[in-house]
Amino acid sequence: MTIDTVGRFERALESLEVGIERVPAADATERIAAAIDDPAVGVPLPFDGVSQPDAVTTAPTAGELERARTGVTPAQFGIAEYGTVAIRSTAAGNEPVSLYPDYHVAIVAASDVVPDLGAGFDRLEKHFADRESIVFATGRSATADMGDLVHGVHGPGTVSVMVVEDR
Amino acid sequence: MAERAHPARSRDETAAQIRHLLETEGEAVHAHSSTMSARQAQIYDETDDIETLRTDARAIKEDAIDRLPELLETVREAVEANGGTVYVAEDAADANAYVADVVDDRADGRDDVADAPSVVKSKSMTTEEIDLNEALERDGIDVYETDLGEWVLQVADDTPSHIVGPAMHLSREEIAELFTERFDPDEEFETAAQLTEFARDYLGERIREADVGITGANFVVAETGTMALVTNEGNARKCAVTPDTHVAIAGVEKLLPSVRDLEPFVDLIAKSATGQPISQYVTMLTPPTASPTLDFAAPDAPIAGTDADALSAGTEPDREFHLVLLDNGRLDMREDDQLRETLYCVRCGACSNSCVNFQSVGGHAFGGETYSGGIATGWEAGVHGQDSAAEFNDLCTGCSQCVNACPVKIDIPWINTVVKDRINREGDAESYDFLVDGLTPDAETDTSGLDSGKRFFGNISTVAKLGSATAPVSNWLAETGLVRTLLESTLGIDRRRDLPTFQRESLVDWFEAQGGVAASRRRAERAASHANAADVGREAVLYPDVYTNYVDTDRGKAAVRTLEALGVPVSVPDLPESGRAPLSQGMIATADRQASRLYGAVAEDLDAGRDLVVIEPSDLAAFHREYERLLPTRSFERLRDNSYEVCHYVYGLLENGTDADALATADGGTDDQGEPIAYHSHCQQRTLGLEAPTTALLERCGYAPRTSSVECCGMAGSFGYKQEYYELSMDVGNRLAQEFESAETVVASGTSCGDQLETLLERDVSHPIELLAPDR
Ligand code: SF4
């Protein structure tokens, strides 16, 4: 395929004012360490050769979750069309870690970025068949209920996506 | 703060309530809803496959509602297999009692029983419908709304005024004042950011402490028991996964068969609701979810059990899940051929935003006990009964702007017409009423509840015939104070409104006096030979709608001259009224009879290959839209395929090679610039996609038309004449007038649009065809 899916993903994220960075797998851990704000919590990352940096507390307590500035989670896949990341609910706490801290860093493999919503649903079918839960998160939490647009209401007000190029 | 409307108000009371809302809430509602409407229209335009998406979405809903009993079984099996519970609640009391039991059970199991059980909720119209909060509070349960808009209303003890933006009617200043008063902060609230931060902290604490989380569900996938929650704030996610118990409440109509069926809705819902490409969070939960429950009271315990295998779904945490599916009249709506479509609604609020009346007064006037806007008529009639719908149903003028905004293509105006009809048939008998006796058409046999004003406007053709026959006496009479007082007190026709002036000679009579069809043929042939043009080979029947025939005969004459000048012979037979007027009053039986009459009267012409050319857009809209419900399919299609809006028709002639020189073109005709002109199409004409041909025609004739962004003039036929709606009509009309204030020439396609603009701009506003017609 000649269409640059990751490029499209990047452009969608930019228009959502979401940070985007492409990193080789070998550099990912280091780049995550550079991207986060302390204190940070996270869940283990399922990408070959990538692990959470030491500064990220994995298996956090409720108190650590509440105090964390940053949450680092993997994304199951990304949808280029809308700049969406798909976060799966797991027992390790991907959902709360991606939701509670004001800053969410989502890590997605380049090969998991699909072009459009339809392709996203292709992936979703398998997850639903296994009775899983997934959230499509696009951009930052937002509300206009107080009269003007404000980000970071109940969910993160800042989001970054790191695309791991797993050549 | 607004109170809910109460039934059976007098005209004066309705007018007073509307005036009050125009003053207090109108500005905020308009700012928000018109912006969302514009964004919705824009993103629909930009989405390539929007029509496919809408068609797919509708088809999925049709199928799902058709198979609803089966889907209820499927979802029960799926949710139970996952370890959750499904409860189908018959009505509000049933649903509330069930939820209260769940909360009480859960709280009983706690260690600290000192505090009252508490619930955090994510915005849900369905729980508004059943007044869940009140029921839980009566049971000693603390309830906190976590959607910011909904929470503002909870603090203010107010009700939602919009399906999607519940607190849309409050300005930031009002919210700041309310919060300052209520929470007595160290520093006064000023900015939206300060208010939001305060809400985040306050509600965050409530969420962390809550015993139970309650959410609605935008969609429920029967096959897997997965529910989709669509939000921008993230509160639904927090409510669903933080406490160890999640209760989701949704109407039974939210069921979709399979995962794949979710796709068009996920794609459409934010586009329709707020004009966003997709909303921030589309949470698809197959509860009980694998996420660990969060116990913030034990801050030192890891959130995930030590045995949680991070990379898999892992062992199931101790979670409880209840899906409450609410019937509350929905299964009966499913059996109702006219109301069934309401169940396809995904509650995006696009119809409200696109509605000019809604934009002016908001849901506190344009709504019932729970739901607001155009589609609320269907919902309220179905879940709360016709009385609730009757309170606001008249605010739908049938302008049909909502039709193209609705992602599932619901014919919302038709539902409103049907409910108006039902209300007409069940209301109280009107007291002795001499003026309109004899106006009740025989088709509406059971008209005890039909109010006299409705009868009058529903039979406007009889009135017009009479008015014309007795003109100018009728015109002088109509202007006397005594008659205006009488018209106001008996029919509710506002005395501030200019009445139409009847012409002594109708268009039909004028045409006969000109020599009728034979003379028209000669004139058309002469014009064709002058222009050295080939015979266009068409013949037109010009439809003399009531206004063109008796009031605005000039535009009819202009149409005749234009068509003849382009080589098209015309006939102007005395045709029956289209049924538009009775339809707008909800008199379906009368409209049905008139549709058949009209079809019978033109069938021969259509058989002979003649084109029916229509000047008044609302009549064309009846032929192209409502007649589908009134005529046999073949007749409907025949009439629809052979009837044209006049400017569209003329444009078609030019496109097919007829020479525009025969028309009165603007001087700047050959310049690139064109002569500036302001053009207001007509709401129903726009719905049919017929604004563009008129603009194109004007351009061909040397004009540079600027079109109105406001979609409706606010008069919408008889609506603006009615006493209780006069101010609202003027409020809407003023927005249109302001756009055109500086324009030198203003033209409009509809009669009521023209009347409204003439009143507001205090100058002549003619039909575009009058501008283009050659002198004879
Ligand atoms: S009727 Fe259509 S536009 Fe209105 S709320 Fe329902 S789905 Fe949305």
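This is a predicted model: local features need pLDDT of at least 70, side-chain atom pairs count only at pLDDT 80 or more; totals for chains, interfaces and linings use all residues.
Two strands count as paired if DSSP finds at least two bridges between them, and strands (E, at least two residues) and helices (H or I, at least four) are DSSP runs numbered from the N terminus. Residues are numbered from 1 along each chain as its sequence is written, chains are lettered from A and ligands numbered from 1 in the order in which they are written, and side-chain values use heavy atoms, without hydrogens and water.

**Strands**
- Strand S15 (residues 675-680) of chain B runs parallel to strand S16 (residues 703-707) of chain B, joined by 5 bridges.
- S15(B) also pairs with strand S17 (residues 746-748) of chain B, in the parallel sense over 3 bridges.
- Within S17(B), Val747(B) is the bridge partner of Tyr679(B).

- Cys355(B) is in no disulfide, and its nearest cysteine sulfur, in Cys399(B), is 6.1 Å away.
- The sulfur of Cys399(B) has its closest cysteine sulfur in Cys683(B), at 4.7 Å, which is too far for a bond.
- Cys399(B) is buried (under 20% relative accessible area, with exposed over 50% and partly exposed in between; 1.4 Å probe, protein chains only), at 9%.

**A tryptophan in a helix**
- Trp476(B) belongs to helix H22 (residues 473-478) of chain B.
- Trp476(B) is exposed, with a relative accessible area of 60%.

Key. A disulfide is a pair of cysteine sulfur atoms within 2.5 Å.
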